[in-house]
Amino acid sequence: MTVKPIIEIENLTHTYMKGTPMEHVALKGTNLYVEAGECIAIIGHTGSGKSTLIQHLNGLIRPESGRVVIDGEDLAKKKIDLKTLRRKVGIVFQNPEDQIFEKIIGDDIAYGPFKMGLPLKEVRERVKWAMSVVGLDFEEMKDRQTFALSGGQKRKVALAGILALKPKILVLDEPTAGLDPRSRNELLDKIKRLNKEEKLTVIFVSHNMEEVAMLADRVYVMADGKDVLSGTPKEIFTDKEKLVRHQIGTPETVQVLYRLTDLGYQVRTDAFSITEAADEIMKLFAGRKEGTEHVQRI
Amino acid sequence: MDPIIRLENVSFSYKINEKTKVSVLKNISLSIFPGEYVAIIGHNGSGKSTLSKLLNGILTPDHGEVWVHGHNTKDTNKKRAIRQAVGMVFQHPDNQIVATIVEEDVAFGLENIGVPREEMKKRVDEALNVVKMSPFRHRPPHHLSGGQKQRVAIAGVLAMQPECIVFDEATSMLDSFGRKEVIQVMRQMNNMGMTIITVTHHMSEAAEAGRIIVVEDGEIVMDGTPREIFKHKQELEALKLEVPSVSQMAEVIHRQFADFSRDIIHEHEFIGEVEEFLSGGVGS
């Protein structure tokens, strides 16, 4: 492949509280390659290093050893242009409260574009656009106070604030945790569209395998500070030995398909969506005529 | 039987700016009885989280009363008795873990209320046992997985011997393994007689409960068993909710094969239905 990756991380290490009795090695030589326009999922258990890894992407943590190159910029250099980097790489953290600091929703989302020195009209347009992307009604919500929002709404506001910066690379830590089913599906659709239509590079950390199956082009599995496995969702979710070895969960649909294969039925386990999985199961019924071979259920 | 928690015409509103108040809960009446396992579902902003915070007096209503074992949650003298009766587990395990060693964390609440040493040890042992975290008792909590941390947090609440535990989206930050672990613990505690109330966005988790309460725009719009509630697929979708994945799959299959039951809410039921269907046992 000749395309130059937009993110190149090689053999990255990080130690928290180095040189103290609390010293903790969070990254032990991890790698990550992302090409422009890709949508990448990072999965792995709590403490596997996912959050530490993504904090390197916009220079919140500087590489201790190893290579971090973001869009051609080597972050191991002494002097890096953090301002430009952070405009390029927008991170939405797991806890939305960490990044909402204005009292009014509209002000909070406008904060970034304002700081970029954009004209007021453009700021307003961006806020409007970002709110529509996350599914917040501009007129209804722009003047509301941020503290009175529910957890799910705060998550949307935090994401809108980052989108308003129009980053080239969007990094999301558990984007849909705490969202209701409809908001979750709508947000995933929007992220997918931003990725496919606007060629936004997306990297997201998730424990929700439905979301990984639906969104990701490729998946990185982290364990104990290293990337232990990577591949397409299909490659990952159909390799039972690896799923078990790395304790990776699967979408509920795939779980059902595995249960059926355990019972000796021949079904493919790479049918992720409800309809695909149902179709796969109905292939088992192929020999049966619909409702004619047996008596109607009482 | 007297309810353990009773809400009587409860209303609650947040002030959103100088002039406007948004009413979050509107005249809700609700009784939860000892030994029940209740799931509360509703979309973001429906009021379910506010509702859960009213159950042990973290919030008190603007209008109406909340009674826990006959104590009014507005009665500040009864705060301790109320919190003792109804414990809470929150979304982020990290926000609830205070000590540097698992067993010390579980003992923290007991130390605060001055439980004697022997009794404390016994209760910590029991609580860790229920959540299956005994082997980890001497470990620092920060290296545990999300599910393990959440089980430690549950043990801390359990050690206080409440009669009821409210889980406020306690599984939403967990992967499918962690969620299963926590759901198993909920079920086990319910089998031991404890009242369980869980606020969740996971329909397969709500299906585990004995009763589901659906909250919409500050009001209770459905209240029934999971099987009754999940029959209302369209209504739930209109409320930004859904039915469990296995119910959705059964529905798709039912459209092609009318004899395949769509009345399915659990994974084991779905598998059973496939097996029965294939063995030709259906209806014969």
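**Figure 1. The area buried between domain 1 and domain 2 of chain A.** In this predicted model, domain 1 and domain 2 of chain A bury about 770 Å² between them, and carbon and sulfur atoms give 64% of that area. The domain assignment places residues 7–98 + 167–245 of chain A in domain 1 and residues 251–286 in domain 2. Domain 1 of chain A brings 10 residues to the contact, and domain 2 of chain A brings 8 residues. The C-alpha centres of these two domains of chain A are 30 Å apart.

**Figure 2. Polar and charged pairs between the domains of chain A.** Between domain 1 and domain 2 of chain A there are 2 salt bridges. A:Asp262 and A:Lys240 form a salt bridge through their side chains, with an N to O distance of 2.8 Å. Residue pairs in polar contact between these domains of chain A, both residues being at pLDDT 80 or more, number 3. On the domain 1 side of this contact, at least two residues each come from helix H8 (209–215), helix H9 (233–237) and helix H10 (240–245) of chain A. That side of domain 1 of chain A holds 5 nonpolar, 1 polar and 4 charged residues.

**Figure 3. The domains of chain B and the contact between them.** Chain B is assigned a domain 1 that covers 5–243 and a domain 2 that covers 244–284. Their C-alpha centres lie 33 Å apart. In the contact, 11 residues of domain 1 of chain B meet 9 residues of domain 2 of chain B. About 800 Å² is buried between the two domains of chain B, with 59% of the area on carbon and sulfur atoms.

**Figure 4. Polar and charged pairs between the domains of chain B.** The count of salt bridges between domain 1 and domain 2 of chain B is 2. B:Arg227 and B:Asp263 are joined by a salt bridge in which the closest N and O atoms are 3.6 Å apart. There are also 3 residue pairs in polar contact between these domains of chain B, both residues at pLDDT 80 or more. Helix H7 (203–206) and helix H8 (226–229) of chain B are the elements that give two or more residues to the side of domain 1 that touches domain 2. By class, this side of domain 1 of chain B is made up of 5 nonpolar, 1 polar and 5 charged residues.

**Figure 5. Chain B as a whole.** Chain B has 11 helices and 10 strands. Along the principal axes, the C-alpha atoms of chain B fill a box of roughly 65 × 55 × 40 Å. The radius of gyration of chain B is 20 Å, which agrees with the value near 19 Å that a compact globule of 284 residues would have.

**Figure 6. The interface of chain A and chain B.** The size of an interface is often given as the accessible area lost when the parts come together. For chain A and chain B the buried area is about 4900 Å², and 58% of it is on carbon and sulfur atoms. Chain A takes part in the contact with 51 residues and chain B with 56 residues.

**Figure 7. Pairs across the interface, and the chain A side.** The interface of chain A and chain B has 2 salt bridges. A:Arg184 forms a salt bridge with B:Glu242, and the closest N and O atoms of this pair are 3.2 Å apart. Residue pairs in polar contact across the interface of chain A and chain B, both at pLDDT 80 or more, number 15. On the side of chain A that touches chain B, two or more residues come from each of helix H6 (151–163), helix H7 (181–197), helix H11 (252–262) and helix H12 (274–284) of chain A. H12(A) gives the most to this side, with 7 residues. The residues of the chain A side divide by class into 18 nonpolar, 22 polar and 11 charged.

**Figure 8. A salt bridge within chain A.** Over all chains, the whole structure has 40 salt bridges. The side chains of A:Lys154 and A:Glu97 form a salt bridge with an N to O distance of 2.8 Å. A:Lys154 lies in helix H6 of chain A, and A:Glu97 lies in the loop between strand E6 (89–92) and helix H3 (105–115) of chain A, so this pair ties together parts that are 57 residues apart in sequence.

Conventions: Residues numbered from 1 in each chain as written. Chains lettered and ligands numbered in written order. Predicted model: local features only at pLDDT ≥ 70, side-chain atom pairs only at ≥ 80, totals over all residues. Heavy atoms only, no water. Contact = heavy atoms within 4.5 Å. Buried area = accessible area lost by both parts, 1.4 Å probe. Salt bridge = Lys/Arg side-chain N within 4 Å of Asp/Glu carboxyl O. Polar contact = N/O pair within 3.5 Å; in protein donor to acceptor, adjacent residues only side chain to side chain. Helix = DSSP H or I, 4+ residues; strand = E, 2+ residues; numbered from the N terminus. Nonpolar A, V, L, I, M, F, W, Y, C, P; charged D, E, K, R; others polar. Domains from an automatic or database assignment. Rg over C-alpha atoms; globule rule 2.2 N^0.38 Å.
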